[in-house]
Amino acid sequence: MSADPRLAALVDRADRLYRDYRLSSVRDWKARTGGLAVGYMPIYVPRELLHAQGVLPVGLMGGRDDLEIIKGDAYYQSYICHIPRSTIELGLNGSLDCLDGMLFPAICDVIRNLSGMWQMLFPGMLVRYLDVPQNFDRDLGGRFYRDDLEQLARDLAARGAAPLDADALRHSISLYNEDRRLVRELYALRGRAPWKVPTHELYMVLRAALVLPVEESTALFRTYLELVTHDDTRKPLDQARVLLTGSFCEQPSIGLIRTLERAGCYIVDDDFVQIHRFIQSDIPVDGDPVENLVVAFLTDAMASPTRYVETGVKGDDLIRRAEEGGAEGILFCAASFCDPALLDQPMLVKAVERRGFPWTAFKFSENSGQFQVIREQAGTFADSIKLWSGA
Amino acid sequence: MTTRQTATPVDVQKDASQVRQKAMIARHFDRLAAAPDTGEKTVYTFVPGNLTELLLSFDILPVLPEINALQSAMRGKSAEYISVAEKLGHSEDVCTYVKSDIGMLKSGNIGPTGQRLPNPDVLLLSYTGCFTFMKWFELLREEYDCPVAMLHVPYQADGRVTESMRRYVVDQLRQKVIPVLEQATGRAYDEDRLRECLARSAEAEDDLVWVLQSARHTPSPIDAYFGAVYYVGPIFSSFRGTPDAVAYYRELRAEIAERIRLGQGPVTPDGDLETERFRIVVEGPPNWTSFRQFWKMFVDEGAVAVASTYAKVGGVYDTGFRHDPSHPLESLADYCLGCYTNLSLPSRIDLLTRYVKEYSADGFLINSVKSCNSFSAGQLHILREVEARSGRPGGFIESDLVDPRYFSAANIKNRLESYFQMLEQKRPGGAA
């Protein structure tokens with residue numbers, strides 16, 4: 001039995017979209033529709049709102065090991081992570097000149113300050129720092145966040161986007177609900193049968209979706225899900241099931257993800273490209289749709305190092321995900337100099353040790369091209385799980 | 001060839017204000033040490049966005065972890081504390097204030113005066129201008145069994161405070177912070193008492209601004225970076241809003257006025273600086289592990305900091321803000337929103353450019369510290385922009401807050417000497 005050739009074609013397309021620094025798909029969309037395209041940095045922005053105003057949200061996650069950083073390094077000291085350098089590089093080399101705006105969610109001080117640099121370097125763009133609330137009461141953080149969203153909508157409209165309309169927003173919410181539902185299904189399938197959904201492949205599909213309109217990304221997810229579900233050529237291997245955490249902003253290269261898989265790890269959960277799963281369930285479409293977006297952020301977002309834990313115990317969410325996903329071990333895989341991930345890590349390590357999960361930790365940079373040390377570390381970790389864990 | 005300046009080495013006579021400040025700090029730490037016996041309540045909180053007047057109105061004593069960290073560095077203890085934290089799994093990449101604090105806590109929580117610090121009755125996380133603060137208090141929360149009040153202060157990304165931002169902070173003060181303080185202290189919120197404290201704050205702030213702006217004189221009677229660390233001490237820490245702070249700043253102002261009258265330069269660790277050769281604006285926090293050595297590198301060159309952004313990290317007062325007793329909570333909100341690291345990068349560039357011009361600086365210098373992304377991310381951009389706008393040369397050095405491994409004295413001295421040589425050559429009639 002041979003694999004469906006449509007799967008290889010889909011993965012090939014995803015790979016091309018993922019590798020296209022110049023965002024050809026966005027340029028095509030703009031040429032076709034005449035609409036605005038607005039980039040956003042990792043973790044979370046309310047894409048539904050942009051979509052409802054006819055704006056294409058475009059997810060940016062820095063560079064890879066094939067991007068030569070010439071100008072970007074001149075903006076950052078050696079002890080600052082890599083993603084702002086590559087983002088500046090892409091901005092200055094013209095790759096992002098199809099974007100009409102940029103959103104910088106509240107991730108950390110580096111991304112926060114990058115928003116100010118962007119204001120100055122690209123004065124023609126709409127540049128917004130999206131200061132999501134760290135207070136999760138509806139009448140406090142919720143009210144502030146709503147003000148922020150409504151201001152964003154007005155700013156977009158002032159740039160030529162359609163004014164925000166409640167029915168249009170309800171429709172957009174329903175489209176993104178479907179998009180997220182399919183991603184949840186893909187993650188669930190990978191949890192059950194990780195050999196069917198190799199992480200390096202799923203990752204490319206998730207990245208490709210960042211530069212597509214939601215209608216197309218949903219179709220991409222649906223087709224990929226169907227193809228991998230029915231692909232019986234993929235057979236299970238004796239690999240260790242691990243949950244990977246810490247890579248929610250700067251992303252490791254595909255090479256690193258492949259290295260982990262080849263070293264004997266099935267990644268059964270991760271925090272790559274979190275935007276597709278940050279809101280964990282469907283957002284209601286009835287009632288006040290702006291308020292529904294607000295409430296979803298306040299009450300239904302994933303735990304994240306960028307989000308204050310107001311109640312509960314730090315690490316509980318990680319443990320829940322590890323247990324539900326049947327993980328046998330935890331890989332802490334943070335970008336070098338990533339404050340949120342690295343400051344969180346000691347607390348998360350404590351939590352996983354309390355529950356007896358084996359763990360290992362390493363750091364990466366998005367432009368890392370050498371993985372021998374990580375391969376040996378991950379291989380030893382996977383072997384130790386298979387040889388000595390539990391059973 | 002440059003002429004090396006040295007301050008006149010003398011048995012340095014402490015000014016009355018210094019003696020007063022030392023006594024204030026000693027009394028505060030005595031109260032903290034005695035708190036478990038006296039029953040006084042304590043709160044751990046941060047310098048930027050501190051709510052000292054509100055805390056005073058509840059008679060609750062503040063402990064400031066980042067002050068403890070810098071004091072640990074000045075006492076030569078931070079390397080050991082950082083090592084303790086790193087052995088516990090804290091990354092070498094992250095803020096050394098956090099690691100020094102965690103290490104100190106794990107080593108018995110002995111404070112700057114050699115006395116044990118009490119456990120907090122409340123953790124008041126004022127999340128102002130620094131993402132790491134949030135993680136720091138998540139870490140502390142795991143160590144202490146006490147209530148946490150979280151105040152999220154939005155960032156001034158667009159260079160202004162909106163009504164929505166102000167309302168968000170005020171509402172959190174009313175609904176989140178004050179109830180926790182009431183519960184922890186068993187006292188009701190007393191707005192009249194808060195107003196009294198705020199009125200005293202404004203009085204002290206007037207005098208502080210006068211002192212900082214005295215550096216417009218030539219020669220400057222103060223060093224607005226190294227020296228200012230001492231001047232801002234009371235108002236940035238536990239004393240804003242107290243009669244002690246009012247008295248301190250009144251006394252300090254009188255002393256500086258006298259220095260101006262006598263045409264004196266700033267006090268340095270080695271005595272008065274006799275000749276002011278370079279007037280410098282400084283961006284970024286100082287290094288604390290080699291504070292005096294670092295300062296002396298400036299003194300040796302006759303370089304005086306005439307303005308600094310670090311002296312604004314606990315409040316920017318010289319652009320007009322004062323605590324306002326007629327709008328107590330709104331005023332606290334505006335204070336938190338206006339702290340230096342809560343300003344956008346363009347606003348920081350505007351402020352630095354303004355300082356270079358208003359203080360007739362020969363140049364500006366950035367001390368970029370590895371630990372603090374809130375300050376450091378974007379400083380190379382700041383360097384280029386301020387140079388372009390002010391027409392003055394910028395210098396750039398790198399160190400750390402409290403990790404001695406990142407203070408390379410020879411490197412920094414070499415860079416500073418080259419920088420000052422360049423300033424000399426750029427003077428009219430210089431050897432360019």
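Tutor: Contact means heavy atoms within 4.5 Å. This is a predicted model, where local features need pLDDT of at least 70, side-chain atom pairs count only at pLDDT 80 or more, and totals for chains, interfaces and linings use all residues. Residues are numbered from 1 along each chain as written, chains are lettered from A and ligands numbered from 1 in written order, and side-chain values use heavy atoms, without hydrogens and water.

Student: How many residues of chain A are in contact with chain B?

Tutor: Take both sides of the interface. Chain B contributes 56 residues. Chain A meets them with 50 residues.

Student: What share of the area buried between chain B and chain A do carbon and sulfur atoms give?

Tutor: Buried area is the accessible area (1.4 Å probe) lost by two parts on being put together, summed over both. Between chain B and chain A this is about 4,700 Å². Carbon and sulfur atoms give 55%.

Student: How many salt bridges are there between chain B and chain A?

Tutor: A salt bridge puts a side-chain nitrogen of Lys or Arg within 4 Å of a carboxyl oxygen of Asp or Glu. Over all chains, the structure holds 77. Between chain B and chain A the count is 10.

Student: Which helix of chain B holds B:K176?

Tutor: The side chains of A:D137 and B:K176 form a salt bridge, at 3.1 Å from N to O. A:D137 lies in the loop between β4 (126–130) and α6 (138–158) of chain A, and B:K176 in a helix of chain B, so the pair joins two chains. That helix, residues 163–185, is α7.

Student: Are α5(B) and α6(B) roughly parallel or roughly antiparallel?

Tutor: The axes of α5 (residues 96–106) and α6 (residues 131–141) of chain B come within 11 Å and cross at roughly 15 degrees. The crossing is right-handed. Angles under 35 degrees count as roughly parallel and over 145 as roughly antiparallel, with 65 to 115 roughly perpendicular and the rest oblique. The two helices, α5(B) and α6(B), are therefore roughly parallel.

Student: How many residues of the contact of α5(B) with α6(B) are nonpolar?

Tutor: From α5(B) come B:Y97, B:V98, B:D101, B:I102 and B:L105; from α6(B), B:T132, B:W136, B:L139 and B:L140. One is polar and one charged. The nonpolar residues number seven.

Student: At what angle do helices α9 and α11 of chain B cross?

Tutor: Helix α9 spans residues 226–236 and α11 residues 291–300. Their axes come within 9 Å. The arrangement is oblique, because the axes cross at roughly 130 degrees.

Student: Which residues of α11(B) make the contact with α9(B)?

Tutor: The contact holds seven nonpolar residues, one polar and no charged. α9(B) brings B:F226, B:G227, B:V229 and B:Y230. α11(B) brings B:F291, B:F294, B:W295 and B:F298.

Notes. Axes are lines fitted to C-alpha atoms, for helices over the stretch in contact, and angles run from 0 to 180 degrees between N-to-C directions. Helices (H or I, at least four residues) and strands (E, at least two) are DSSP runs, numbered from the N terminus. A crossing is left-handed if the near helix is turned anticlockwise from the far one by less than a right angle, and right-handed if clockwise. Ala, Val, Leu, Ile, Met, Phe, Trp, Tyr, Cys and Pro count as nonpolar, Asp, Glu, Lys and Arg as charged, and the others, Gly among them, as polar.
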